[in-house]
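Here are some exercises to work through with the model open beside you. Try each task before you read its solution.

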Amino acid sequence: MTRLVPVFVSILIAVLLTSILTLALGESPLVVAEVLLRGSIGTPTAFGYTLYYATPLIFTGLAVAWALKAGLFNIGAEGQMTMGGIAMAAVGIVLADLPGFIAWPLAVFAGFLAGAFWGGMVAWLKIRRGVHEVLGSILFNFISYGIAGFVILDLLRNHESQNPETLPIGQSYHLQALSDLVGIGGTSPLNTAFFLALAVALLVDVVLQRTLFGLRIRWTGGAPEFARRSGVSISATTLKAFAISGGIAGLAGASAVLGYMHKAREGFAAGAGFVGIAVALLGGARAWGVVAAAILFGGLQKGSLDLDLDTENISRDLAIVVQALIVLAVASRGALVELWLLLKAKYESSKARQV
Amino acid sequence: MDLVVAFLESTIRLSVPLLFAALGGLISERSGLANVALEGKLLISAFVGAAVAATTGNPWLALTAGVLSGALGGWIFGVLSVFTKADHIVVGIAFNMLVAGIIPTVCRAMFGGTGGTPQLAIETRMPAPIAGDFTFFGAALLLCWMLHWGLRETKWGLRLKAAGDQPVALIVQGVNPNWIRVWAGALAGACVGFGGIDLSMVQGSGYIRDMAGGRGFIALAALILGGWRPVPTAIACLVFAAADATQMLLQGQKLFGFNVPNSLVQIVPYLVTIGVLALRFGGKGMLAPKAINQPINP
């Protein structure tokens with residue numbers, strides 16, 4: 001339990017700072033909190049939407065957290081997710097008539113491969129050419145937007161639609177909505193991709209904690225010198241770890257592309273790759289932490305949509321502010337602990353003097 | 001011939017924000033403060049400049065406010081990175097996120113919409129003798145020369161480099177390298193601020209959401225490619241600006257009888273950046289400051 005204290009303190013600090021910003025903009029923090037809660041967990045449909053928003057965040061959060069275990073910073077999840085979603089849509093359009101039992105698994109696999117390829121290139125540039133993975137990821141993000149734009153607006157464009165979107169994917173590729181399947185989530189687009197996300201979370205945890213490969217990854221990240229002397233190839237582990245991280249991020253588009261839109265629309269990633277960084281930093285120690293953080297941030301995103309209408313001065317962008325502040329607070333928890341210990345020591349020495 | 005002139009002109013124009021951002025980043029990174037937050041600082045200063053110009057109508061006040069807001073952003077980024085002993089890259093990403101969230105929020109409270117400031121009237125932008133005639137470009141080259149000279153010849157430059165390479169040497173002298181990093185962050189932010197002003201008040205006529213469009217990251221690439229040295233960094237910025245100018249000229253053009261889709265043309269600068277980084281022209285002397293992104297315990 002004590003391991004969770006810094007996390008809750010970080011969230012508390014972020015909430016406090018956001019309240020100050022809200023007050024400065026002339027809105028009441030209580031009203032904002034009420035809007036956020038009502039919009040995220042107020043009704044079954046609202047909660048369904050929260051889980052729907054959380055689904056891609058679980059994938060991208062797991063991707064970033066997995067790379068962090070190997071000592072790598074994958075801030076390219078947005079691009080990997082974009083490439084994965086495009087690959088899923090492309091398979092679903094080109095091979096539209098495949099039978100159901102093979103169709104969607106094939107699309108999901110294609111998404112994984114596309115994301116893994118995108119991540120693998122960043123890792124290759126790091127290992128062979130010394131390009132730092134942070135810079136490589138950022139540049140590949142921009143390239144992926146261009147490629148996605150080309151596929152959606154030119155190659156597979158649906159010319160009958162007014163929107164910038166591809167042709168629809170085959171019926172057999174659709175992931176079922178949970179409201180039809182088991183009657184949860186109200187009328188939200190929550191679909192079976194959520195269970196896929198939970199399964200991947202479980203798998204990630206098992207691989208990292210229980211397998212030799214997971215051990216190699218954690219050695220490479222935690223004690224590279226030790227890993228090298230134990231015969232682990234740092235560059236091979238880096239390449240594999242980063243490619244798999246990219247692959248996990250590549251799955252993140254499944255919920256929107258296969259489960260809801262049934263096509264790829266421009267900007268379907270909608271920043272989930274970047275929020276995934278915040279998710280991983282908040283809950284990334286274990287996979288269930290990622291799931292919890294993703295649901296928290298999903299709720300924040302869903303709830304903040306109502307801020308545009310229900311308040312005068314605040315917009316949905318407040319969710320990004322809260323997320324950024326949580327990351328800052330989590331990142332600086334070392335200093336917070338130091339400050340706490342310092343205050344405690346001062347308090348105890350003053351008490352000792354009184355006696 | 002017209003095409004060549006147009007190409008050179010737009011290369012110079014597009015290089016200005018890159019030059020200011022990359023040279024600012026150079027100050028920060030040479031002091032050991034890894035800076036992936038250049039993008040955020042470009043956006044802050046572009047927004048603050050345009051917002052002040054829109055509300056007061058005074059471009060000089062706007063320039064001052066934009067540069068100061070960049071400096072303040074850099075100072076805050078420095079304090080958060082240095083004194084919390086957090087990873088500078090994590091802080092930088094969070095900083096960029098924070099800016100991406102706060103600007104639309106403030107923008108809506110001030111101007112009623114999250115998309116940007118109202119269009120600036122011509123007299124509230126930077127006046128023509130300053131905006132035209134490549135004055136900002138000249139200022140950026142001057143900054144480059146000043147850094148080239150200052151890093152070698154001044155006490156300030158030597159201390160800056162020591163904070164990034166060998167902080168212990170400063171501690172022995174009784175100078176706190178942490179504060180050098182913080183102030184380097186602030187100075188860097190001020191330099192980046194000129195780039196932001198260039199975006200919203202010289203090239204543009206007001207702030208548009210996310211108008212930096214990744215230039216902060218391309219500037220970072222230029223800085224790395226330039227081996228953390230001012231003159232090669234400036235050259236790298238010009239190369240990337242030329243790639244961007246090519247991209248703009250190619251838009252809507254036919255190439256070998258084919259319509260080149262704009263979405264593909266737009267990735268040319270990033271492909272060039274990746275390609276040049278991967279091939280790594282320049283050879284030796286390309287190493288990062290030794291103590292970059294490492295906390296110091298004085």
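Helices (H or I, at least four residues) and strands (E, at least two) are DSSP runs, numbered from the N terminus. This is a predicted model, in which local features need pLDDT of at least 70 and side-chain atom pairs count only at pLDDT 80 or more, while totals for chains, interfaces and linings use all residues. Residues are numbered from 1 along each chain as its sequence is written, and chains are lettered from A and ligands numbered from 1 in the order in which they are written.

**Exercise 1.** Work out how α10(B) packs on helix α11 of chain B.

Solution. First take the geometry: α10(B) and α11(B) (residues 230-250) meet at about 135 degrees, with axes 8 Å apart. Axes here are lines fitted to C-alpha atoms, for helices over the stretch in contact, and angles run from 0 to 180 degrees between N-to-C directions. Angles under 35 degrees count as roughly parallel, over 145 as roughly antiparallel, 65 to 115 as roughly perpendicular and the rest as oblique, so α10(B) is oblique to α11(B). Then list the contact (C-beta atoms, placed from the backbone, within 7 Å): α10(B) brings B:I218, B:A219, B:A222, B:L223 and B:L225, and α11(B) brings B:T233, B:A236, B:C237 and B:F240. Last, sort these residues by class: eight are nonpolar, one is polar and none is charged. Ala, Val, Leu, Ile, Met, Phe, Trp, Tyr, Cys and Pro count as nonpolar, Asp, Glu, Lys and Arg as charged, and the others, Gly among them, as polar.

**Exercise 2.** Which helix of chain B gives the largest share of the side that touches chain A?

Solution. Begin with the totals: chain B puts 39 residues into the contact and chain A 36 residues. The largest share of chain B's side, 14 residues, comes from α4(B). By class, that side of chain B has 27 nonpolar, eight polar and four charged residues.

Conventions:
Contact = placed C-beta atoms within 7 Å.
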